[in-house]
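Reader: I would like to learn how to read the packing of aromatic side chains in a model. Could you take me through it with a case?

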Amino acid sequence: MMEQGGPTEPSLAHPTHQHHLQPPSHTTIGPIGFYGGVFSGHATPIINQGSGSIHNATHHYHVHNMTKGMELLHNSIAPGAFHNALERQDPPKCHASTREAVIRDIMRWVEELEKERNFMWVHGSAGAGKSAILQTIAELCHAAGLLGASFFFSRTAGGRNDADRLVATLVSQLCISIPEMRSHVELSLEQDPLIFSRSVEAQLESLLFGPLTRAACDPSTKALIRSRPRLIILDGLDECGQPKTQQHLLTLLSGGALKLPIPLSFLIASRPEQQIRNAFISQPLVSTTSLLALDDSYLPDKDIEIFLRSRFEEIRRSHPSLSTSWPSAVDINRLVDKSSGQFIYASTVIKYIDSPRHWPDERLEIIFSIKPSGKEN
């Protein structure tokens with residue numbers, strides 16, 4: 001998997017190594033809906049122009065009679081945070097035949113019906129491919145009907161660089177993937193139209209944990225609600241405001257989740273920053289979290305080599321004058337070596353070489369002429 005995008009581009013110099021927590025045994029979710037053009041359930045949506053409604057085999061939605069509460073909710077979201085948001089068009093995701101082991105481990109956790117640990121923390125250094133992995137997982141879960149909601153943080157995108165719009169964005173998606181909680185959310189919004197001026201803790205209790213609890217305890221819906229998708233994906237937590245905000249958010253999510261009569265599952269990715277690490281190694285999260293470190297145990301060099309060979313083949317096809325033996329196996333191994341397990345380095349190299357205004361072989365020579373920072377010729 002290669003990071004195709006991201007808030008920053010690294011230099012082509014040799015990346016630095018970082019140390020990670022060692023993951024204990026993996027354990028963790030499960031169905032999908034999505035706000036923003038894709039509706040919950042597996043059937044193709046049907047638009048009835050005569051009645052002004054949208055329906056599929058599972059649910060029916062009226063689009064002209066939105067309550068004031070739901071209008072308030074939708075006006076408070078960050079639509080660019082969805083996994084398939086227009087703002088995130090062509091997001092980073094795993095290249096074919098790469099990251100298969102880590103994806104398999106995460107999906108095994110996702111598909112467990114009775115999880116011992118309802119949180120999974122995927123952590124790794126900058127450029128390790130966290131966002132690409134979670135994007136791929138989100139797409140797989142979306143297609144399989146397993147995704148409840150997602151939020152992709154970004155330090156450089158307004159509305160996605162703090163927690164101000166997080167609750168509204170998650171709840172708007174959950175009202176589609178878990179429609180039984182919608183009426184309870186509407187009631188909360190009617191009772192407190194100023195809820196989005198209150199703390200994240202108050203928003204979570206009023207709009208997420210409270211409505212979900214009431215829906216799960218309602219005799220008319222409690223059986224059905226257990227079949228709904230309840231996986232929430234949060235990517236780039238380290239890009240959400242300040243470190244204390246990140247730690248506080250984890251405390252709120254874990255505390256609220258423990259009180260729910262039905263479990264929610266949270267797949268969270270971030271760099272192993274100190275405040276986030278402290279939260280995950282402290283109670284209650286330490287007892288409810290599976291840790292997954294993107295380290296050498298997942299053989300990143302092998303995946304980087306697969307990516308490079310595939311992309312160089314594409315470049316050769318678009319430049320027929322290039323030799324079929326270009327680049328050499330030695331050159332590919334040198335690039336894998338220079339990547340040091342950092343997918344974003346390999347991705348950046350390919351973007352640089354694949355410039356339509358330059359000869360790829362000349363650009364590759366320039367890559368090899370660059371010395372790591374602090375090194376002398």
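Reader: Is Trp-121 buried or exposed?

Author: A residue is called buried under 20% relative accessible area, exposed over 50% and partly exposed in between, with a 1.4 Å probe and protein chains only. Trp-121 has 0% relative accessibility, so Trp-121 counts as buried. This is a predicted model, in which local features need pLDDT of at least 70 and side-chain atom pairs count only at pLDDT 80 or more, while totals for chains, interfaces and linings use all residues. Residues are numbered from 1 along each chain as its sequence is written, and side-chain values use heavy atoms, with hydrogens and water left out.

Reader: How many aromatic pairs are there, and how are the rings of Trp-121 and Phe-280 arranged?

Author: Rings of Phe, Tyr and Trp (its six-membered ring) pair if their centres lie within 6.5 Å, and planes under 30 degrees apart count as stacked, over 60 as edge-to-face and the rest as tilted. The count comes to four aromatic pairs. For Trp-121 and Phe-280 the ring centres are 4.6 Å apart and the planes at 10 degrees, so this pair is stacked. Phe-280, at 1% relative accessibility, also counts as buried.

Reader: What is the arrangement of Phe-312 and Trp-326?

Author: Their ring centres lie 5.3 Å apart with the planes at 80 degrees, so the pair is edge-to-face, and both Phe-312 and Trp-326 are buried.

Reader: Which ring does Arg-334 lie over?

Author: A charge sits over a ring if NZ of Lys or CZ of Arg is within 6 Å of the ring centre and within 35 degrees of the ring normal. Arg-334 lies over the face of Phe-368, 3.8 Å from the ring centre, and the charged end of Arg-363 sits over the ring of Tyr-352, at 3.6 Å from its centre.
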